[in-house]
Every structure is written in C-alpha cells, then in structure tokens.
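Welcome! Take a moment to look over the sequence and the model below, and then we can walk through a few of its features together.

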Amino acid sequence: MQLATLPNTATSAEVIASLEHSGGVIVSNFVSDDTLVGLERDLRPKLDSLAFGNDPYFSGTRTRRLGALFKHTRHAADIARQPHFRAAAEHYLRVEEHIYLGEDQVKTVPTMQIGVTQVIDIYPGEGKQPLHRDDSVWQWRHPHGGRQARVQVMVAVTDFTADNGGTLVIPGSHLWDDRRPPTIDEAVPTVMSAGSALIWLGGTYHAGGENRSATSRTGITMTLDLGYLRQEENHYLALTFDEVAALPDDIRRLLGYQACEPTCGWIEHEGVMRDPSFLFEDSDGTAEQVSMGTRSTAEPVA
Ligand SMILES: O=C(O)CCC(=O)C(=O)O
Ligand SMILES: [Fe+2]
C-alpha cells in the first residue's frame, strides 16, 4: 500500500476518506508560497543556532529540533488553520459522547488543542527512528473503540525524498491492535515537494527516515489533539503570558487557554469556575461558566 497524494483542491471528505483507508495522506501545496517563505525566514536562523540533539535512540544525534513555534513565527497560525488539517481533526477528535447526570443523558463534544509544534531538521548521516505511534505519549490503546487522540501534519519546508529522510509511514497501521509490531519492510517514505504536507493519525506507525543525501531535510510538525489530554509540549511554560495574550484569539484557545467539555481546564475566578479565555484583555468578557450541565452542547439527548 502507498500513500495517496491529493491536490490542495481536494475536498475535506476526500482527505478523510484517504485517512480512513491508509492512516496518512499527502496534500500538495498545503501552505501558500508566502507562508513557506515566511516560515523559512522566521525559523531558519533560530534553528541553525541550535546544537544537534543527543538522543541516539529516538530523536537523533544529527537532527535539530526547535519547538514553541508560536513564539517564533506568526505563520505557524497558517498551519493550524489549514482547512484540510482542521477538517480532519474535527472529524476524528470532535466526537460526541453521552454521559449521565443523574437520570439525564447529555451529550458532550470535546474541543481540540495544539499539542506539539516542532521544526525537525534531519542532517545527512542521521539514521532512521524506530517506527512508533505518537499517541503512545498517552499510552493510548488500539483500537480504542476506533477513536483517535491526535491528527498530525508534517509540512515540507525542503523537498522530502526517499533518500533524505522523508517520513516513513506504514499505511493501514492505524487499524492495527497493540500486539502487532511494526516492521521496516511495511513502511513507505513520504515523497513530497516543499510546501506540501503529510497528514496522519496518532495511531499510524511512522518514523523520521535515514538521511543518505547531501543536504538537510526540514519539516514542521504540528498536532491537533483531544482537548482533555495533557499537551505533549508544555505551551503554558514555553510561551509567556504576554506572548500568548498577543496571539489571535483562536490560536490562544488552541494552545490550551480554553476549557474542554464538559469540565476540563477551568480557572476559578471570584468563586466561579470559568473558561480561561476571560483572562485576556480583548476577550468579550462572556467567558462561560464551566459546569457539567450548562455548557452549550450539554443538552439532553433526544
Ligand atoms: O521527522 C520525521 O519525519 C518524523 C519525526 C517523528 O515522528 C517524531 O519525532 O516523533
Ligand atoms: Fe513521531
């Protein structure tokens, strides 16, 4: 099985159908040329100032990794807002569940939030990572009722090839249980040009590939995760409060400054458990009270 490549004119339904089938899909021209140039310009100097990692087992010793991308570039928002990524994340994460409050059965729909933001720059001489599922950060089990915890992108800043470390993916592995080990024979490299992106699921086995070429392979990864799980990257500590306050409202919420239904992530204010969005001066002041029973979608199941 190979990964499909869809044009950026594909519908969200086509992207989701590909993810359902293979657990990963490439979208060509995922970001605009302006975004690609802006990302490169804003991130490259900082990235190049970093030392290589020092983790021979997983994150590499010939790889540079830069996080907290919303601190460094406004273009990170273009990735978080990209329509195919958002639609896929909405589909897999914003799944309605029903809970009892006494004898009333109410529905809840979780928010989603940004987990990891990272530039991954794999240099010649780096070996391949072990194949893994990124939802292992939460000990996620499979098939977990078919539920996914994460939808992820890898945006190609340089071209991705079979030789330069283009992300290895095992198509179809999002459907595997936890007893089946991933083997390299089943993995295919992500081949795509700069500006395109791989979208894949938290349950899909993948790995950074070996770089046998003469130049580095630069990718930007970002995840949208279930809003009630702990974020893998700690944005509350990586960005100062003032840096967060300067971001657009939708991005602040995605970075975790928003409660998730039914009651995860509130902050007490004058005796009331509130959604944290009221903390920002430009908020409209209507930050909801967080309650098992009064959230907007927490209504009786018909
Ligand atoms: O760099 C890549 O292509 C994938 C990296 C990855 O999967 C990871 O670090 O978890
Ligand atoms: Fe990974």
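Leaving out residues up to four places away in sequence, F160 touches G166, T167, T190, V191, M192, R217 and G219. Keep in mind as you look that this is a predicted model. F160 sits in the loop between β7 (150-156) and β8 (168-169). It counts as buried because 28 C-beta neighbours lie inside 10 Å, where 20 or more are required.

Now for the ligand. Ligand 1 is surrounded by S59, I120, Q129, D134, M154, T167, H206, A207, G208 and G219. The table sorts this shell by class.

| Class | Residues around ligand 1 |
|---|---|
| Nonpolar | three residues |
| Polar | six residues |
| Charged | one residue |

Next, the interior. The largest nonpolar core has 56 residues, and V153, V155, A197 and I199 have the most contacts inside it. Setting aside neighbours within four places in sequence, V153 is in contact with I79, F85, A197, L198, I199, T221 and M222.

Finally, which residues of helix α1 (residues 12-22) are buried? They are V15, S18, L19 and S22. These residues lie on the same side of α1, because they cover an arc of only 100° around the axis. An α-helix has 3.6 residues a turn, so residues three or four places apart point the same way. The buried residues of α1 pack against β1 (5-6), β2 (24-27), α5 (83-93) and β10 (197-201). Just after α1 comes G23, with a positive phi of about 80°.

Methods: Residues numbered from 1 in each chain as written. Chains lettered and ligands numbered in written order. Predicted model: local features only at pLDDT ≥ 70, side-chain atom pairs only at ≥ 80, totals over all residues. Core = buried A, V, L, I, M, F, W, Y, C linked by C-beta atoms within 7 Å. Buried ≥ 20, exposed ≤ 12 C-beta atoms within 10 Å, placed from the backbone. Contact = placed C-beta atoms within 7 Å. Near = placed C-beta within 6 Å. Nonpolar A, V, L, I, M, F, W, Y, C, P; charged D, E, K, R; others polar. Helix = DSSP H or I, 4+ residues; strand = E, 2+ residues; numbered from the N terminus. Arc of directions from axis to C-beta.
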